[in-house]
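Below are some notes for a colleague who will be reading the structure alongside them.

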Amino acid sequence: MGMFLGHYVAWISSGILYAAATSDAPGEVAYQAIGIAGALCVIVAGWTTANPTLYRAGLALQVASPGWSRWKVTLLAGLITTLAALFPALVMKLLDFVALYGLVLIPMGGVIFADFYLMKKFSLKDYYAERMKINFNWAAGLTWFILLCAALVMNQVVGVELYFLPLPAWVLAVVLFVLLSKIYQKKGVL
């Protein structure tokens with residue numbers, strides 16, 4: 001609870017500092033505000049933020065390398081991210097990468113939600129591909145492809161930021177998957 005509250009207060013404080021700053025770099029903003037103590041606070045804040053993430057990354061990487069101990073995999077993840085942090089141009093683009101990565105996954109989240117919670121409510125078969133023993137569910141595949149293309153067009157042509165696209169993409173994925181499933185399951189059209 002203390003870590004959560006501290007992190008929450010740190011983000012509010014960083015927002016206030018950023019409003020008065022002349023730079024985008026967190027370390028430079030903190031240094032401008034309160035000198036060396038500010039720069040040290042950024043380092044400690046980064047470390048406390050990174051710890052749970054490194055642990056999760058270590059657990060995820062352990063799946064790929066089950067023979068390794070948890071601490072070795074977590075250390076490897078930490079070394080990779082520390083190396084990446086040495087290149088600020090890379091790190092400053094990380095948020096864009098995470099937003100794009102999330103956008104790729106979001107439609108499938110909507111498909112999974114609809115398949116688990118909504119299919120029976122619309123008199124459709126849940127887990128259709130598994131039940132019919134087919135390798136590919138065209139309704140799910142088309143939902144993913146259509147929404148990914150639509151989101152990228154909205155980002156590139158209309159100019160909507162990537163950060164604002166996941167929620168509408170998820171909602172549209174739920175609706176589109178149910179509609180396409182209705183067509184797909186009715187006649188095997190897709």
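1. The model is predicted, and the points below should be read with that in mind. The residues concerned are Pro26, Gly27, Ala30, Tyr31 and Ile34 on the side of H2, which meet Ile36, Ala37, Gly38, Ala39 and Val42 of H3.

2. Helix H9, formed by residues 166-187, has 22 residues, and the distance from its first C-alpha to its last is 31 Å, close to the 32 Å expected at 1.5 Å a residue. Its buried residues are Ala169, Ala173, Val174, Leu176, Phe177, Val178, Leu180, Ser181, Tyr184 and Gln185. The cover over the buried residues of H9 includes helix H6 (94-118), helix H7 (128-131) and helix H8 (138-158).

3. Turning to the aromatic side chains, a search of the whole structure finds six aromatic pairs. One of them is formed by Phe97 and Tyr101, a stacked pair with 6.1 Å centre to centre and 20 degrees between the planes. Both Phe97 and Tyr101 belong to helix H6, where they are four residues apart, about one turn of the helix. Phe97 has a relative accessibility of 53% and therefore counts as exposed, since the cut-off for that class is over 50%.

4. Why is the pair of Phe113 and Trp170 tilted? The ring centres of Phe113 and Trp170 are 5.1 Å apart and the planes stand at 55 degrees, so the pair is classed as tilted, because planes over 60 degrees apart would count as edge-to-face and those under 30 as stacked. Since Phe113 lies in helix H6 and Trp170 in helix H9, the pair ties together parts that are 57 residues apart in sequence.

5. The surroundings of this pair deserve a separate remark. Phe113 is partly exposed, with a relative accessible area of 31%, and Trp170 is likewise partly exposed, with a relative accessible area of 28%. Phe113 and Trp170 also belong to one aromatic cluster together with Phe116 and Tyr117.

Notes: Residues numbered from 1 in each chain as written. Predicted model: local features only at pLDDT ≥ 70, side-chain atom pairs only at ≥ 80, totals over all residues. Heavy atoms only, no water. Helix = DSSP H or I, 4+ residues; strand = E, 2+ residues; numbered from the N terminus. Expected span 1.5 Å × (residues − 1). Buried < 20%, exposed > 50% of the residue type's maximum accessible area, 1.4 Å probe, protein only. Contact = heavy atoms within 4.5 Å. Phe/Tyr/Trp six-rings, centres within 6.5 Å; stacked < 30°, edge-to-face > 60°.
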